[in-house]
Amino acid sequence: IIVSVDTPDNSSRLLRRAMSSGDAVRLYDVVFVLGPPGSGKGTQCARIQENLGFVHLSAGDLLRAERQRAGSEFGELIETHIKNGSIVPVEITCKLLENAMIASGTAAKGFLIDGFPRNQNNLDGWVREMGAKTKVHFVLYLSAELEICVDRCLNRGQGRTDDNVESIQKRITTYNNQTFPIIQHYEQLGLVREIKCGTKTPDQVYAEVAQVFGNAGL
Ligand SMILES: Nc1ncnc2c1ncn2[C@@H]1O[C@H](COP(=O)(O)OP(=O)(O)OP(=O)(O)O)[C@@H](O)[C@H]1O
Ligand SMILES: O=c1ccn([C@@H]2O[C@H](COP(=O)(O)O)[C@@H](O)[C@H]2O)c(=O)[nH]1
Ligand SMILES: [Mg+2]
């Protein structure tokens with residue numbers, strides 16, 4: 001078994017994992033972060049990254065960067081999906097995620113994958129492409145009342161092309177119809193850790209997030 005390593009610390013961690021996982025080498029520890037638009041996923045992921053050594057990969061941010069990349073053949077398709085609140089085909093998103101994971105090297109404790117998998121196509125593609133290379137520890141589910149989420153998106157002030165009433169309504173419909181069933185799928189596997197965020201400050205939410213990671217030994 002060949003395991004790529006870049007520091008002595010990681011070398012022992014990855015080798016331990018390789019030795020204990022039987023025939024499959026699991027290189028990447030992953031936590032998925034899901035919840036309605038504006039529930040605070042990005043806000044909490046930034047804190048987890050800062051405090052707990054995880055690398056934050058926002059699928060939405062990666063898609064927005066790909067949309068902006070000169071020469072991208074997917075720019076227009078991505079923008080159409082973002083404005084309509086619909087979901088980009090998994091082949092594109094999964095490749096962007098994998099590239100970002102590889103680019104981070106092995107220094108990360110693990111990866112917070114924010115806003116993915118968002119539908120059955122995402123989940124199937126992830127399992128197909130990344131299932132054997134990753135261990136999903138749990139799904140951090142940041143829930144909040146939808147009216148609060150709408151207000152937060154409208155007041156976010158980041159100039160996103162989908163932070164307008166029309167796009168937000170479409171994003172919420174997609175969330176209810178396509179993403180929530182993915183959360184339910186992981187719930188059935190006993191892998192969902194829900195934090196109710198609507199009326200809590202970011203500090204209060206983070207205190208609960210830290211507890212969830214602590215309980216998982218991460
Ligand atoms: N607990 C909170 N209380 C009040 N405002 C918050 C809280 N958490 C985040 N916010 C604010 O709400 C807005 C949306 O937060 P954030 O971008 O983290 O959400 P998100 O879940 O990543 O949204 P999206 O799915 O649209 O990317 C931001 O302006 C952020 O500062
Ligand atoms: O896995 C994904 C993640 C995101 N999208 C598209 O991007 C927007 C914005 O995502 P945020 O997580 O809110 O930043 C989302 O509405 C989708 O259109 C995607 O297709 N697949
Ligand atoms: Mg976000």
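Predicted model: local features only at pLDDT ≥ 70, side-chain atom pairs only at ≥ 80, totals over all residues.
Figure 1. The protein chain holds 9 helices and 5 strands. The chain has 218 residues, and 45% of them count as buried. If you take the contacts between residues at least 6 apart in sequence, 75% join residues at least 24 apart.

Figure 2. Is Ser39 buried or exposed? Its relative accessibility is 3%, and buried means under 20%, so Ser39 counts as buried. Leaving out residues up to four places away in sequence, Ser39 touches Leu142, Ala144, Cys149, Arg152 and Cys197.

**Figure 3. Polar contacts made by the side chain of Ser39.** The backbone oxygen of Pro36 is reached by the Ser39 side chain at 3.0 Å. A polar atom of that side chain also lies 3.2 Å from the backbone oxygen of Leu142, a residue that is among those Ser39 touches.

**Figure 4. Ligand 2 in its pocket.** Which pocket does ligand 2 take up? The space taken by ligand 2 is the largest pocket. Two elements, α3 (59–68) and α4 (75–84), each give two or more residues to the shell around the ligand. The most comes from α3, which contributes 4 residues. In total there are 17 residues around ligand 2, and those that come nearest are Arg64, Ser86, Val88, Arg118 and Arg160.

**Figure 5. Polar contacts between the protein and ligand 2.** Here we zoom in on oxygen atoms of the ligand. A backbone N or O atom of Val88 is 2.7 Å from an oxygen atom of ligand 2. For His81, a polar backbone atom lies 3.3 Å from a ligand 2 oxygen. Arg118 takes part through its side chain, with a polar atom 3.0 Å from an oxygen atom of ligand 2. How much of ligand 2 does the protein bury? Taken alone, ligand 2 exposes 450 Å², and the protein buries 96% of that.

How values were computed: Residues numbered from 1 in each chain as written. Chains lettered and ligands numbered in written order. Heavy atoms only, no water. Buried < 20%, exposed > 50% of the residue type's maximum accessible area, 1.4 Å probe, protein only. Polar contact = N/O pair within 3.5 Å; in protein donor to acceptor, adjacent residues only side chain to side chain. Contact = heavy atoms within 4.5 Å. Near = heavy atom within 4 Å. Areas by Shrake-Rupley, 256 points an atom, 1.4 Å probe, with all protein chains shown as cover. 1 Å grid on protein atoms, 1.4 Å probe; cavity = no way out; pocket = protein on both sides within 12 Å on 5 of 7 lines; lining within 4 Å. Sits in = over half its atoms within 2 Å of the grid points.
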